[in-house]
Amino acid sequence: MYVRTLTGGLAAALVVSLSLTGGQAVAAAPDAKDATPLAARVFTYDASGSAEFKSAVDRGAAIWNESVDAVELRPVAAGQRANIRVLADDGWPRALPTTLGNGTVYIGRQAVNEGHNTIRISSHELGHILGLPDRKPGPCSSLMSGSSAGTTCTNPYPNATEKAEVEGNFGGALVGRAPAAPATVIVD
């Protein structure tokens, strides 16, 4: 009888826990003595619609791969569906995150024509998909300051705070959860 009650109590606790986490399983943080790092969460991107900005998009993804451990951005394999679509258009750059690590990025020619750096734009917009908000106005050292840093700013790298925020978003977080703010168009 005691085993049945204990088992039933554990099952009830599990159901409550899963309902609180939206049905997602949550991995416990490793102990300090556990030196095994968590594997990076892989997200694929499709830059086939980014026209003349494809190399800038690839470089922006590579910068995020160099900067954080919790996320890896890879080009999508042929015939597969990407987490992130990257498109070129004549408007202003913007991101439409759907869930954390998923959405659409537009590399707008308007900002490029005004003199903004294409790799910084790509890295910045991918930052939105990884859960970062705009931080305007801001210095060139802040990737998420975007256009407020001016056209002379070519820094495509996230600063320590931005890196830590992405690591926190994905390191043991519920991947696939909705962004903290409602999904909206982030126009830079």
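The model is predicted: local features need pLDDT of at least 70, side-chain atom pairs count only at pLDDT 80 or more, and totals for chains, interfaces and linings use all residues. Residues are numbered from 1 along each chain as its sequence is written, and side-chain values use heavy atoms, without hydrogens and water.

**Helix pair.** Helices (H or I, at least four residues) and strands (E, at least two) are DSSP runs, numbered from the N terminus. The axes of helix 2 (residues 54-67) and helix 4 (residues 118-129) come within 8 Å and cross at roughly 55°. Axes are lines fitted to C-alpha atoms, for helices over the stretch in contact, and angles run from 0 to 180 degrees between N-to-C directions. Helix 2 is therefore oblique to helix 4. Oblique covers what is left after under 35 degrees (roughly parallel), over 145 (roughly antiparallel) and 65 to 115 (roughly perpendicular).

**Strand pairings.** Two strands pair if DSSP finds at least two bridges between them.

| Pair | Bridges | Direction |
|---|---|---|
| Strand 1 (residues 41-49) and strand 3 (residues 84-89) | 3 bridges | parallel |
| Strand 3 and strand 5 (residues 102-108) | 6 bridges | parallel |

Tyr45 stands opposite Ile84 in strand 3. Leu87 has Tyr106 in strand 5 as its bridge partner.

**Pro156.** This residue lies in the loop between helix 4 and helix 5 (160-170). Pro156 counts as buried because its relative accessibility is 12%; buried means under 20% relative accessible area, with a 1.4 Å probe and protein chains only. Leaving aside neighbours within four places in sequence, Pro156 contacts Ile63, Ile119, Arg120, Ser123 and Leu143. Contact means heavy atoms within 4.5 Å.

Note on methods: Buried means under 20% relative accessible area, exposed over 50%, partly exposed in between (1.4 Å probe, protein chains only).
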